[in-house]
Amino acid sequence: MINGEIPSGLPIPWGMVGGGQSSQIGYVHRSAALRDGSFALVAGAFDIDAERGRAFGQRLGLSAQRCYADYKTLFEAEARRPDGMRAVSVATPNDTHFEICQAALHAGLHVVCEKPLCVSSAQALELRELAQAKNKIVGVTYGYSGHQLITQAREMIARGDLGDVRIVHMQFAHGFHSAPLESDNPSTRWRVDPKFAGPSYVLGDIGTHPLYICGLMLPGLKIERLMCSRQSFVKSRAPLEDNAFTIMQYRGGAIGYLWACAVNAGSMHGQKIRVIGSRASLEWWDEHPNQLRYEVQGAPAQVFERGMDYLHPDALHDDRISAGHPEGLFEAWSNLYYRFALAMDASDRRDTEALRTIHYPDIDAGVEGVRWVENCVRSADAGGVWVDYC
């Protein structure tokens, strides 16, 4: 049953660093944050070009005085205002995440950051320590994880519908970068440049999405060791990869495979998670996010549909419209931003009990994503060898 009122309290005054007019993801951040009234956009430093950023902010309805030239000025000026922002989203290239998130936490702000959280585990662990010391939330935008049928999969796995989990197959393999389009596309160019992207391209940029979803579905599954092979099929991207295969061995004997690829020519998106147990399997595909396929050995396959009463109550909680009407990525991101707001409010009230009940990609998820990328790169650069997960 749909509850047409999503309780959110007063909107949290919120700003952005990056996410300007040419950003690939700025609009979805704003749409998701503003949809439920949980946040109110009050300020920003939207562009590396100060005048362009100011003009863009004014077109969003902000006053010119609250469209700042850079993030340092943004944080300092907003801290002096009685109505200043309490949270900020960071939508900038990977190499800037650490310094901006660190400055935001020191300024007393909650943070929502694009993935990967930063470019090294040392930086990620430092941010986690600082966030804990400041009692601030750091959320990471693994946006696909806001789809409700991922929750349904988690509950079915937990109650044993699949039997013992044996294999997890993960992929995010699209074809949009099968040619060197970065020569004419600035938003892609920085992603394949190690000065801005860090030690990887597709492993960090898209591979961490299914990795996080796998962790949501199977929270008890822990990597023991892994082996990774990565390639640069568009040679100008070397040393960064545009294709990578990773095999993971989990504690308890299960095995995982993750294919991250930007050169899968002809594929629109290709993000799929398949969990294979001793008696049944589940499969979720982000191009059809309102369906979850359930296959019991020796029986006809079933397809679960979003919004139906036979689903687990937690998989119905975030429904925005009745079954049969397709929801998509904007709804998934909105679900995440709503949870970010709930977590920020609970943190400000020091309500640790409430915080434990809110499922969202937090600072620990950000740390784990960076850690996984580092281990993959370590294995691949050693010749595709097995490495203990550390």
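## Asparagine 135 and its loop

Asparagine 135 is located in the loop that joins α5 to β5; helices (H or I, at least four residues) and strands (E, at least two) are DSSP runs, numbered from the N terminus. The model is predicted, so local features need pLDDT of at least 70 and side-chain atom pairs count only at pLDDT 80 or more, while totals for chains, interfaces and linings use all residues. Residues are numbered from 1 along each chain as its sequence is written, and side-chain values use heavy atoms, with hydrogens and water left out.

Phi of asparagine 135 is near 55 degrees, a positive value in a residue other than glycine. With a relative accessible area of 21%, asparagine 135 is partly exposed; buried means under 20%, exposed over 50%, and partly exposed in between (1.4 Å probe, protein chains only).

## Other loop residues

Arginine 350, in the loop between α11 and α12 (352–356), has a phi near 55 degrees, a positive value in a residue other than glycine. Its relative accessibility is 62%, and therefore arginine 350 counts as exposed. Glutamine 297 occupies the loop between β12 (291–296) and β13 (302–305) and counts as exposed at 71% relative accessibility. From glutamine 297 to asparagine 135 the separation is 162 residues in sequence and 48 Å in space, C-alpha to C-alpha.

One runs from lysine 115 to proline 116, with omega near -10 degrees; proline 116 is in the loop between β4 and α5 (121–134). Another runs from alanine 238 to proline 239, with omega near 10 degrees, and proline 239 is in the loop between β7 (223–231) and β8 (243–250).

Strand β1 (residues 12–18) pairs in the parallel sense with β3 (residues 87–91) over 5 bridges, and tryptophan 14 stands opposite alanine 87 in β3. β1 pairs with β2 in the parallel sense over 6 bridges, and methionine 16 has glycine 44 as its bridge partner in β2. Because 7 of the 7 residues of β1 are buried, the strand is largely enclosed by the rest of the structure.

## The second largest pocket

The second largest pocket has a volume of about 660 Å³. On a 1 Å grid over the protein atoms alone, a pocket is an open set of points where a 1.4 Å probe fits, with protein on both sides within 12 Å along at least five of seven lines, and lining residues have an atom within 4 Å of a point. Grid points are joined across faces, edges and corners, and the volume is the space filled by probe spheres set on the points. Of the 25 lining residues, Gly215, Leu216, Pro219, Lys222 and Glu368 are the closest to the centre of this pocket.

At least two lining residues come from each of α9 (202–217) and α13 (363–381), and α9 gives the largest share, 6 residues. By class, the lining has 14 nonpolar, 4 polar and 7 charged residues; Ala, Val, Leu, Ile, Met, Phe, Trp, Tyr, Cys and Pro count as nonpolar, Asp, Glu, Lys and Arg as charged, and the others, Gly among them, as polar.

Methods
Pairing = 2+ DSSP bridges.
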